[in-house]
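Dear colleague,

I am passing the structure on to you with this message, and below it you will find my notes on what turned up. Please read them beside the coordinates.

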Amino acid sequence: MKTVILKLKRFLDGLFEDPLKLVDDVTDSSGLPVVPDQKTGDPIWVDVREIRMRYTIPIKGVHPYIDSLRKGRLAAAKCRSCGKIYFPPQRDCPRCRVSDMEVHYLSPEGELVTWTVINVKPLSFMHHKDYVVGIVRLRDGINVLAWIDIDDPAKLDVGMRMRLVVDKRPDENYITYWFKPA
Amino acid sequence: MRRVAIVGVGISRYGYRSDSNLAELAWEAINEALNDAGAGVEDIDTYIVGNAGVWSSEPLPAVVIGEYAGLQPKNGIRVEAACATGLAATRTGYSLIASGEADVVLVVGVEKMNESTTPQVVELIGRAGNYFWEFENFGLTFPGYYAMYATAYMKRYGATEEDLCMVAVKNHHYASLNPKAHFQKRITVEECMSSRYVAWPIKLYDSSPITDGAAALILASEDVAGKFTDSPVWIKSWGYANGTSNLSRRSDFIGFESTVVASRMAYKRAGIDPDNPVKFFDVVTVHDAFTIAEIIGMGDLGLAKRGEEYKLVREEQTYIGGLIPVNVDGGLKGKGHPIGATGVGMIVDLVKQLQQRADKGRQAPISRGMALAHNVGGTGHYVFTAVLSVDKP
Ligand SMILES: [Zn+2]
């Protein structure tokens, strides 16, 4: 259990263990996976087939930009033909209709545009405490969305100076990026 | 292009519907729409199902509903545009008639969200935007996306959390007068203010609920509409636009460019003055997935001056009797937001408003004979606007 991949799997397995155990018992004793709805008492058939989805996402077209994270840099794609900067990076420039991009390292400095605190979390983030997500406009004029590392979100304000950090996220142990006040 | 009339409308009870599966829920709305039109299944040429799905078990909802409703072997397909699925489906049905391909089309929007747990639904809606760049690493949620608009808007224009709550109070008020609505009780600003944060500064009472529900329309060409009714409501014009998938690619967070583009398209096609659209409508729906969405939506639609939308709310100008009645069916906030049904359900209520048969206590005065529906998918990712009229366009 070195990274979030197995940690999250075990966490989610644990989350559903008790409710599924109940359904398992009911199915065993009554012969059917039918339980009363928790709010209304209506009979509910609990699906006996679980679907597990984990996508495998091709990144060949943006590999240099993803790989630059290992060098501690956040990179955009810059069209060699028209100079347009794309972040998130993409392989193709639809304006020029050519696929000739170069790595453009983004400035790590910028200003906070807006933010929120995620209090009610998605299932795959439920192992986290409340986290702050913001959008920062970098010096290049490019907006980047990421977590903001701050002890008290009440200190945040529009225009606040931010600095980008590229590193392994604590606990999850894979490289991503976040902002902290400059 | 042939003109298209709405000759029958139906809507299921919205809410936590553990008593019904997807097809049963759809039928509840279809049956009411057929009765309303005085039509039978045999009158339907083809049908469109608006369903976002994923949280519910049936991957082919159009086929399942077609079989259940006795429509087979008639053709029907699913249309999806996130939370704008309902108006997207209606637009597709409209196009089939306008083009001459069909005379009578059934449009049914339906969603069974409560087949999955709340954390699973939060996950699935949170992924709606750009999954790889904005969810995978950062775990955004649906209220989280809108909260970033709320933060920017409130900081820029001085709106408060109380102002947001006033939208919830209004929409709960009208929901309490709508027997089909998810929430049947009124709330106070104090109750809203003391509800917990789901994505600061958005609180639970600022948020539309996870809802099961269905709504249906019978659309007919101008050639056959008279067979069903003498007083149809006509679809006068459409507008539509998309936003970027990545929120980071947007320039500011005080409104949706997609709503501005979609509404101006619909206004132009309907001959409506884009600088003063309020003068043309008796009643409007503004997509209020969250209270902030109704506020910025009013500015985007040109119903209020940008930055002053919340003042209209403060002055209760969006109640019946005010400048422009907004979401008098309870809105997504009070009536509920069964994703695929929402836009269709807006049309159902606006048709009843224009025909002056809305529920007691929430009938807007009808003098101009026009209404506007505004349905947003995701966080401004898709927008559809429809202008309805009692007069044949
Ligand atoms: Zn280019």
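To begin with one residue, Arg3(B) is partly exposed, with a relative accessible area of 36% (buried means under 20%, exposed over 50%, and partly exposed in between, with a 1.4 Å probe and protein chains only). Arg3(B) forms a salt bridge with Glu222(B), the closest N and O atoms being 3.2 Å apart, where a salt bridge is a side-chain nitrogen of Lys or Arg within 4 Å of a carboxyl oxygen of Asp or Glu. Because Arg3(B) lies in the segment before β1 (4-11) of chain B and Glu222(B) in the loop between β7 (212-221) and β8 (233-242) of that chain, the pair ties together parts that are 219 residues apart in sequence.

Before going further, please note that this is a predicted model, in which local features need pLDDT of at least 70 and side-chain atom pairs count only at pLDDT 80 or more, whereas totals for chains, interfaces and linings use all residues. Residues are numbered from 1 along each chain as its sequence is written, chains are lettered from A and ligands numbered from 1 in the order in which they are written, and side-chain values use heavy atoms, with hydrogens and water left out.

Over all chains the count comes to 33 salt bridges. In chain A, Asp151(A) is joined to Lys155(A) with the closest N and O atoms 2.9 Å apart; Asp151(A) is exposed at 66% relative accessibility, while Lys155(A) is partly exposed at 47%.

Turning to the interface, the contact (heavy atoms within 4.5 Å) takes 45 residues from chain A and 37 residues from chain B. The area buried between the two chains, that is, the accessible area (1.4 Å probe) that two parts lose on being put together, summed over both, is about 3400 Å², and carbon and sulfur atoms give 64% of it. Pro88(A), Val120(A) and Leu145(A) supply 17% of the area that chain A buries against chain B, more than any other three residues.

Between chain A and chain B there is 1 salt bridge, in which Asp157(A) meets Lys155(B) with the closest N and O atoms 3.8 Å apart.

Definitions and conventions. Helices (H or I, at least four residues) and strands (E, at least two) are DSSP runs, numbered from the N terminus.
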